Amino acid sequence: MAMSFNSASYPDVDVKDCNSFRPSYKVAEKTTGQTLDINIEGGMAPFAVILSTESGDVVTDDFSLRHFEALKSGKYTCIIVDKQGCRKKFEITIQ
């Protein structure tokens, strides 16, 4: 007996609402350097957060992190990808 598949029954399958996916960030100064907190609204978890330096070096290979410590001054690129493949890229300057 063949099963039919109705994607309307599964709202998380093949649904791309990338407009609701809004990341933001906050930088704070600590004695050990700058900290960076990434906040994500909308989109669909899990999220991959890729933070890299201006020279292209990835800050960490743990892409589930949203909190980063002891960052040096400079420009960083942050790319966030959600479960649906929605992608947001933005630049962060740390003073």
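Colleague: Which strand holds T77?

Modeller: T77 sits in strand β5, which covers residues 74–81. Keep in mind that this is a predicted model.

Colleague: Why does T77 count as buried?

Modeller: Its relative accessibility is 15%. The cut-off for buried is under 20%. T77 therefore counts as buried.

Colleague: What makes the link between the side chains of T77 and E91 a polar contact?

Modeller: The two side chains come to 3.0 Å of each other. A polar contact needs a pair of N or O atoms within 3.5 Å, one able to donate a hydrogen and the other to accept it. The T77–E91 pair therefore qualifies.

Colleague: Which other residues does T77 touch?

Modeller: Leave aside neighbours within four places in sequence. T77 then contacts I50, L51, S52, K89, F90 and E91.

Colleague: S52 is on that list. What is the bridge partner of S52 in β5?

Modeller: The partner is T77. S52 itself lies in strand β3, residues 48–53.

Colleague: Why is S52 called buried?

Modeller: Its relative accessible area is 14%. Buried means under 20%, so S52 falls in that class. Not counting residues up to four places away in sequence, S52 touches D57, V58, V59, K75, Y76 and T77.

Colleague: How do you know that β3 and β5 pair?

Modeller: Six bridges join them, and the two strands run antiparallel. Pairing takes at least two bridges, so β3 and β5 count as paired.

Colleague: What is the strand order in the open sheet that holds β3?

Modeller: The order is β3-β5-β6, with antiparallel pairing. Why are β3 and β6 the edges? Each has a single partner strand, so one side of each lacks a neighbour in the sheet. Neighbouring strands here are turned by 20° against each other on average, direction ignored.

Colleague: And what is the order in the open sheet that holds β1?

Modeller: That sheet also has three strands, in the order β1-β2-β4, with antiparallel pairing. Its edge strands are β1 (22–30) and β4 (67–71), each pairing on one side only. The twist averages 20° from one strand to the next.

Colleague: How do you know that β1 is joined to β2?

Modeller: Nine bridges link β1 to strand β2, residues 33–41. At least two are needed, so this is a pair. As one example, Y25 stands opposite I38 in β2.

Colleague: What is the largest nonpolar core, and which residues have the most contacts inside it?

Modeller: It has 16 residues, and the most contacts inside it belong to I38, L51, C78, I80 and I92. Strands β2, β3, β4, β5 and β6 (87–94) each supply at least two of its residues.

Colleague: Which residues does I80 touch?

Modeller: Among them are F21, P23, I38, I40, F47 and F90, not counting residues up to four places away in sequence.

Colleague: How many helices and strands does the chain have?

Modeller: Zero helices and six strands. Along the sequence, the pattern reads β-β-β-β-β-β.

Colleague: What share of the chain is buried?

Modeller: Buried residues are 24% of the 95 residues. The chain exposes about 6,700 Å², and carbon and sulfur atoms supply 50% of that area.

Colleague: Which share of contacts joins residues at least 24 apart?

Modeller: The share is 47%, counted among contacts between residues at least 6 apart in sequence.

Technical notes
Residues numbered from 1 in each chain as written. Predicted model: local features only at pLDDT ≥ 70, side-chain atom pairs only at ≥ 80, totals over all residues. Heavy atoms only, no water. Helix = DSSP H or I, 4+ residues; strand = E, 2+ residues; numbered from the N terminus. Buried < 20%, exposed > 50% of the residue type's maximum accessible area, 1.4 Å probe, protein only. Contact = heavy atoms within 4.5 Å. Axes fitted to C-alpha atoms, helices over the stretch in contact; angles between N-to-C directions. Core = buried A, V, L, I, M, F, W, Y, C linked by side-chain atoms within 4.5 Å. Areas by Shrake-Rupley, 256 points an atom, 1.4 Å probe, with all protein chains shown as cover.
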